[in-house]
Amino acid sequence: MVTKGLVDKLRSMVGAGVERVALTPRGLERLRAQLRECAEGQGGEVSARGRAARLAETYLSLNDEGRQRFLKLIALEFGPDPAKVATAHAAYQAAVGTPEQWKAEAAMRGAMRSRRIRILTQFNAIPQGVKFLVDLRADLLRYLENDRELAVLDRELESRLSAWFDVGFLELQRITWNSPAALLEKLIEYEAVHEIRSWTDLKNRLDSDRRLYAFFHPRMPAEPLIFVEVALTDHLAGNVQELLDEHAPVFDNSKADTAIFYSISNTQVGLRGVSFGNFLLKRVIDDLKRDFPRLSCFATLSPMPGLAAWVKKNPQVLAEAGCELPLDALATGTWAGDKKQVRSLRDPLTRLAARYLATAKQGGGESGPPFDPVSRFHLGNGARVEQLNYLADASPKGFRQSFGLMVNYFYSLDDIETNLEAFASTGHIAMSAGVRRQARSK
């Protein structure tokens, strides 16, 4: 039985700095036996939850090496039973074309179901189980970099999390200066696009000409999954320092016709690669339009975090764009203090960025999803590439990742679904005529 003491202990351990211990050979054998019991589902539901909670407690108590061995044990020893799969497959082949075919097909699916999934599903059912699995995958992703045998477990866990974190399950909340301090502290901690430098900076982002939203999962009510920061303006913003200027006058939101999404931060490392659905920002847009019916333009001011990395992989693109400075010099941003170089680099760098957004693909080939992660997100939500902005982010990070350039993605409410379907089916990138011309220019 899952006792109250065990529940409370597990809750206190999730996310806490508990003392870590090594996994001894004897402990490994005991763990193997516990995992077998968990995978076989012995006993009733209460017994299963108790076993899963104790396994979670064991995992959280282990040091890094012990956790990796824990995960590797699940990955290597709890896949489908090859003999059962072979028997079920033979039975299915024999039943094809007979009234028993569909029954045999169901049996084959059952035989192929990994025991790893049974273990993960039982973890999901315990108190704080969803948060435990998200944090467990964050560990798994670290270990995966040097241990590819864990990839099979990662694929199955990512698949489970994708189902559990479908956008339809997420709850949208507006964050204000009056929100709980613990939540505001997490916003400061998790901001991944433009660092929040102080409480004054945060208060500026929560003023009357701003909106800030968070998405939550009902099983993780205290842990925001995504923060979306919005500025209400009357123009297509093209400079992030101006947008974040704490001393700028507050814009009269009653005159706003444009909403600029200037920061979207995913907070949970363990959910990397998990899609939250194609209409995530559409929910924010619907909320904004309810409060501000005059809004007609919805766009982003977005970084291009993969641009410098792409240039590093393809150094010839600098010369092809007509850029006179090498990568290292561009990334420092020191050239931005020289007016002559600022003028001479405007067209080459804009061409470079346009070509990057139009043609750079993951894997380096001519097909596949865009190389840039922010581009993948917005195109996958139905936006189009609207405008490139030169020297739009003059911070060290801005120069380091994209030579100071930023891009506006535009959300046309009439075209979102068409753009989304074309991108999903053929990889077509919706792009304004101006940016497309820049991508083709020499």
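Biologist: Where does Gln128 lie?

Modeller: Gln128 sits in the loop between helix 7 (115–124) and helix 8 (129–144), where helices (H or I, at least four residues) and strands (E, at least two) are DSSP runs, numbered from the N terminus. This is a predicted model, in which local features need pLDDT of at least 70, side-chain atom pairs count only at pLDDT 80 or more, and totals for chains, interfaces and linings use all residues. Residues are numbered from 1 along each chain as its sequence is written, and side-chain values use heavy atoms, with hydrogens and water left out.

Biologist: Why is Gln128 called partly exposed?

Modeller: Buried means under 20% relative accessible area, exposed means over 50%, and partly exposed is in between (1.4 Å probe, protein chains only). Gln128 has 34% relative accessibility, and therefore counts as partly exposed. Gln128 also has a positive phi of about 60 degrees, although it is not a glycine.

Biologist: What makes Leu391 partly exposed?

Modeller: The relative accessible area of Leu391 is 22%, so Leu391 is partly exposed. Leu391 is found in the loop between strand 6 (384–389) and helix 19, and its phi is near 50 degrees, a positive value in a residue other than glycine.

Biologist: Why is Ala237 called buried?

Modeller: Ala237 has a relative accessible area of 3%, and so it is buried, although Ala237 lies in the loop between strand 3 (226–233) and helix 12 (240–243). Of the 442 residues of the protein, 49% count as buried.

Biologist: Which residues does Ala237 touch, not counting residues up to four places away in sequence?

Modeller: With contact meaning heavy atoms within 4.5 Å, Ala237 touches Leu243, Ile260, Leu301, Asn389 and Asn408 when residues up to four places away in sequence are not counted. Ala237 and Phe261, which are 24 residues apart in sequence, are 9.8 Å apart in space, C-alpha to C-alpha.

Biologist: Which residues lie nearest the centre of the largest pocket?

Modeller: Asn266, Pro373, Val374, Arg376 and Phe377 lie nearest the centre, among the 40 residues that line the largest pocket. On a 1 Å grid over the protein atoms alone, a pocket is an open set of points where a 1.4 Å probe fits, with protein on both sides within 12 Å along at least five of seven lines, and lining residues have an atom within 4 Å of a point. Strand 4 gives the most to this lining, with 6 residues.
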